[in-house]
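Student: Can we walk through this one together? I'd like to start with the turns.

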Amino acid sequence: MARAGSSSSGRSADMPTQVENVFEQLISKIEAADFDPRPLLKQCNALGRYEPIKRNVYRIKRRTEDYGIFCSCKPSSGSSVACGKDCHCGMLFSCCSSSCECDNTCANKPFQHRPLKNTKLITTEKCGFGLVAEDEIKKGEFVVEYVGEVIDDRTCEKRLWQMKRLSDTNFYLCEVSSNMVIDATDKGNMSRFINHSCEPNTEMQKWTVDGETRVGIFALRDIKKGEELTYDYKFVQFGADQDCHCGSLNCRKMLGTTKSLNSLLLRNGYSVSSRNQYVKKKKRKTRCENCIQQFLRLWHPRQQMYVGCWIIDFDQETKIHTLQFTDLHVEKFNLKEEEWHFLLVDSSDEE
């Protein structure tokens, strides 16, 4: 027994040295393989704290409004689809309600009742995670809803400061309206992984769904199977400028305009974009006599997304238009300085 005891004592004395030798060997192998685990750990952390959800989670009081928008479409015996491009609700960026008479043939159903496009999560070379289409997507089709935690401006600013202290550069914040922000950092769906491109194939649109303001992502053009989904973040950056890695022919390269942290952000991953649009849209003359009561699709500079509105007045001296939005509030804009275009306008009226 004494012999066995002494043998055991000898092994215990040698154990720390053996462990050190093992770690030294592992470290030397890692160094030899030129392996840096930090990027992998960063990606694992990004996925690890992300909780998949299907609908927005409200951290503020849910806002619902009745704007008096109703569907006047009627089901047709000769067609399997109703509520198409001529649907009054769709033209006003509003989904049909349960009162729609078209039932299952309605093509303008609330986001949660629309079929989602099949997508696949990938790891890109320079932009972290990305999302690719697993089916062909036609121009104008609904792709996915942008969902997350709905918070107010105060909570948003608090979270931004916390991210700054942690040196976290992945932001998933989208300003929807005054004092309403969707934060997909901790809770969201696959839309949070869509990367930026200076020549995007999708865009964000603000819609009214059952009286609630929500954000949908729609195809700007036909998208092929296997193609990565992108949209233009139109981002105002907090901090130093960053390189864009979208690789498009019209890439803006260095992106971001330095602003205070009070500016609400919209970013996903490593590449960001500025306010400028990669295409200058053709605009009609903005004379008072040819634009009153016209319906526009306007890129709202504060809300950072497309919204629908009517022109209700035009000041000849200041050249300022008064616009009424679908929630009936009124704002004034100089349309020569904004990105917009008329909806449902005959091509012969254009310049």
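**Hairpins, cores and charged pairs**

Tutor: Strands β17 and β18 make a hairpin with 4 residues between them, and Lys319 in that turn has a positive phi of about 65 degrees. Helices (H or I, at least four residues) and strands (E, at least two) are DSSP runs, numbered from the N terminus. Two strands count as paired if DSSP finds at least two bridges between them. This is a predicted model: local features need pLDDT of at least 70, side-chain atom pairs count only at pLDDT 80 or more, and totals for chains, interfaces and linings use all residues. Residues are numbered from 1 along each chain as its sequence is written, and side-chain values use heavy atoms, with hydrogens and water left out.

Student: How many bridges do β17 and β18 share, and in which sense do they pair?

Tutor: They share 6 bridges and pair in the antiparallel sense. Strand β18 covers residues 320-325. Asp315 has Ile320 in β18 as its bridge partner.

Student: And what about β16 and β17?

Tutor: They form a hairpin with 4 residues between them. Gln304 in that turn has a positive phi of about 60 degrees. Strand β16 (residues 295-300) runs antiparallel to β17 (residues 305-315), joined by 6 bridges. Phe295 has Trp310 in β17 as its bridge partner.

Student: Switching to sheets. What is the strand order in the open sheet of 4 strands?

Tutor: The order is β2-β6-β8-β7, with mixed pairing. β2 (57-58) and β7 (173-177) are the edge strands, each pairing on one side only. Helix α4 (residues 153-165) packs on the sheet and touches β6, β7 and β8 (180-183). The direction of α4 makes about 110 degrees with that of β6. Contact means heavy atoms within 4.5 Å. Axes are lines fitted to C-alpha atoms, for helices over the stretch in contact, and angles run from 0 to 180 degrees between N-to-C directions.

Student: How do β2 and β6 pair?

Tutor: In the parallel sense, over 2 bridges. Tyr58 stands opposite Val150 in β6.

Student: Which residues have the most contacts inside the largest nonpolar core?

Tutor: Tyr146, Ile217 and Leu229, in a core of 27 residues. The elements giving two or more residues to this core are β4 (129-133), β5 (142-146), β7, β8, β12 and β17. Apart from it lies another core of 12 residues, among them Val307, Leu323, Phe325 and Phe342. A nonpolar core is a set of buried Ala, Val, Leu, Ile, Met, Phe, Trp, Tyr and Cys residues joined through side-chain atoms within 4.5 Å.

Student: How many disulfides?

Tutor: The structure holds 0. A disulfide is a pair of cysteine sulfur atoms within 2.5 Å. The sulfur of Cys100 is 3.6 Å from its closest cysteine sulfur, in Cys83, so that pair is too far apart for a bond. Cys244 is in no disulfide either, with the sulfur of Cys246 3.6 Å away.

Student: Last topic. How many salt bridges?

Tutor: The whole structure has 10. A salt bridge is a side-chain nitrogen of Lys or Arg within 4 Å of a carboxyl oxygen of Asp or Glu. One of them joins Lys187 and Glu51 at 2.6 Å, N to O. That pair links distant parts of the chain: Lys187 is in β9 (residues 187-188) and Glu51 in β1 (residues 51-52), 136 residues apart.

Notes:
Buried means under 20% relative accessible area, exposed over 50%, partly exposed in between (1.4 Å probe, protein chains only).
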